[in-house]
Amino acid sequence: MSSDRAAAAFCGITVSYGGVTALNGMDLEIPGLGVFGLLGRNGAGKTTAIRALVGLVKPSAGSLEVFGRDPGDAGWSRDRISVLFAEDGLVPSLTVEENLSVWAGLCGTGRREASILAGAVLADIGISQYAAVRVKELSTGNRRLAALARTFMLPADMVILDEPTSSLDPVRADEVRRAIGRLAESRLVLLSTHNLPEAEELCDTVAIIDRGRVVISGPPGELEGMPDRLLVRTESGSIVFRGETLEPSEDGCVILDCADAPADVLAELVALGNRVTEFRTYRKSLSGIFLELTGGDR
Amino acid sequence: MGAVLRREWLCFLSGMGRPGLIRFVAIYFVVFGFVLPGSLGDVTAAYVVFAFVPLYVAGPLAVDAFAGERERETLETLLSSPVTPRKLLGGKALFPLLFGLFTSWSVMGLFTVWSAIKGWEMPGIGLLIPVMAGGLFTAVLGSLTGLHVSLRAKSVRSGQQWFSIALLAMVLGIPMFARFILPRLPSGVLVSVGDLFRGGWGSAGVLFLEAGALLSCTVLWLTLRGRVGGLWRLNAAKGER
């Protein structure tokens, strides 16, 4: 699949469960390659968007195209998408290898080929030693890794991961993130998460959704509508700027919200007698943007 | 459909474990296979038991089909696979049906061998064929009824309880009908009904029963198809499948 063509396009998609509107006229384009992050608070509509992508929920309004087709069509096939839901979807009484093998069978892969693919993906993720262990006997972290193996086992044009590191300790979460990073190198991965450092680390593009709508989207470092600010540190801590004395924050610096060219601002600061020790553009973190856009009362 | 069948078989085997296997053999091969038919003292009554065995085997297995997936939180993942509703339903229905039939016919075979060893009266082909056909019908009925219950039930346990009630109604319904309703029917009606069965396999009565069985199974199947297709759409009111 070419990277410049959108893999999926939501156009005014609305999904309601009884009286609750989960997606409220959502517009979103998911690119054809890379890691795409779907960020939002609990209940923002991330999982519903995933269900709509796979055809597990029927929108009441709007149009949705996944690889050029409506996933609600009777003849639509899910063989181009592999999903890891928040629940891992593994059968607890079966071994890891059996789980992978039956999954491959459901996807139309023969048993011999499935066995080879299972061995390869388990080795790639580093859990080959658990192949013959029943899933119910695995730790939460290893179970998550086994579920990732199931999700990445077969070639798919889009891999969807819904909260892949939730409920994991930091070490295991890091292992899972590294595995995702490796496995996502050559395909489109849609990562739904509210773990912002994780999104910043893994995603090429993100969309923040709130109350069933996309509020902003773009590469994490270049989200539109979030102009760069200026970080200033002086010998005294506080700065004098345009008739005001600005006190530093806890880390000893002042953030200036100023649209002027940085060089002009620096010259002005020096001219006003500020003894500047550090001056640079300050990019708001993804967490900051996220909180600003979604942190309001519900 | 083969992939769904294999998955069902593996889930059944792994979920049952050794204690479950011992229980299964004790109930179906010892109680239903030897103790119960052997105690009836009549070859026809003994073999009729085998026609009902699939109902008890297929039904509970079918109840686990969707309720078990829901309970294990594997349903949504299963639905996200490329498997079509038709193949999913086919596999889910066929596994309990085949396993019920296999159990019934194996137990019947063992009992026949046991009867030959003990020198008991042997069944004729005129008894074996209706028993096997009846077994096929109860296997289909058990499987499809179990699947209906499974689609509604939130857990395997509640599904088993509902299926037990349905089974009790079926099992008690027949003797209750014979005990309380039949004697109250006018003798003319009984004679007419009896006449319908004159002529054995080719009689109008047997054809009527076969048509009824076929019709009931078809209705069950068609309604199931609609409901399984509906699994891909969330319950809009509750946000559940």
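## The largest pocket

The largest pocket is lined by 30 residues, and Phe52(B), Gly134(B), Phe137(B), Leu209(B) and Ala213(B) are the ones nearest its centre. A pocket here is an open set of points on a 1 Å grid over the protein atoms alone, with protein on both sides within 12 Å along at least five of seven lines; lining residues have an atom within 4 Å of a point. The volume of this pocket is about 1200 Å³, where a volume is the space filled by probe spheres set on the points, and points are joined across faces, edges and corners.

Before going further, please note that this is a predicted model: local features need pLDDT of at least 70, side-chain atom pairs count only at pLDDT 80 or more, and totals for chains, interfaces and linings use all residues. Residues are numbered from 1 along each chain as its sequence is written, chains are lettered from A and ligands numbered from 1 in the order in which they are written, and side-chain values use heavy atoms, with hydrogens and water left out.

Which helices supply the lining of the largest pocket? In chain B, H2 (43-72), H5 (125-152), H6 (156-181) and H8 (204-229) each give at least two residues, and H5(B) has the largest share with 10 residues. Helices (H or I, at least four residues) and strands (E, at least two) are DSSP runs, numbered from the N terminus. Chain B as a whole has 8 helices and 0 strands, and its C-alpha atoms fill a box of roughly 55 × 45 × 30 Å along the principal axes.

## Pocket and cavity side by side

The structure also holds 1 cavity of 30 Å³ or more. A cavity is a set of grid points where a 1.4 Å probe fits but cannot get out. For the make-up of the linings, Ala, Val, Leu, Ile, Met, Phe, Trp, Tyr, Cys and Pro count as nonpolar, Asp, Glu, Lys and Arg as charged, and the others, Gly among them, as polar.

| Space | Volume | Lining residues by class |
|---|---|---|
| Largest pocket | about 1200 Å³ | 24 nonpolar, 5 polar, 1 charged |
| Largest cavity | about 90 Å³ | 6 nonpolar, 4 polar, 2 charged |

Residues of both chains line the largest cavity, including Trp103(A), Leu106(A) and Arg150(A) as well as Arg7(B), Thr74(B) and Leu78(B). Helix H2 (96-106) of chain A and helix H3 (75-79) of chain B each supply at least two lining residues, and H2(A) has the largest share, 4 residues.

## Where the chains meet

Contact (heavy atoms within 4.5 Å) links 32 residues of chain A with 26 residues of chain B. The area buried between the chains is about 2500 Å², and carbon and sulfur atoms give 64% of this. In chain A, Leu56(A), Arg78(A) and Leu106(A) lose the most area to chain B, together 26% of what that side buries. Buried area is the accessible area (1.4 Å probe) that two parts lose on being put together, summed over both.

How many salt bridges lie between chain A and chain B? The count is 1, and it joins the side chains of Glu76(B) and Arg51(A) at 2.7 Å, N to O. A salt bridge is a side-chain nitrogen of Lys or Arg within 4 Å of a carboxyl oxygen of Asp or Glu; over all chains the count is 19. Within chain A, Asp174(A) pairs with Arg178(A), with the closest N and O atoms 3.3 Å apart. These two are 4 residues apart in helix H5 (residues 170-183) of chain A, so about one helical turn separates them.

## Confidence

The complex has an ipTM of 0.82 and a pTM of 0.80 from the predictor. The pLDDT, the predictor's confidence in each residue from 0 to 100, averages 86 in chain B, where 97% of the residues score at least 70. Chain A has a mean of 85, with 93% of its residues at 70 or more.
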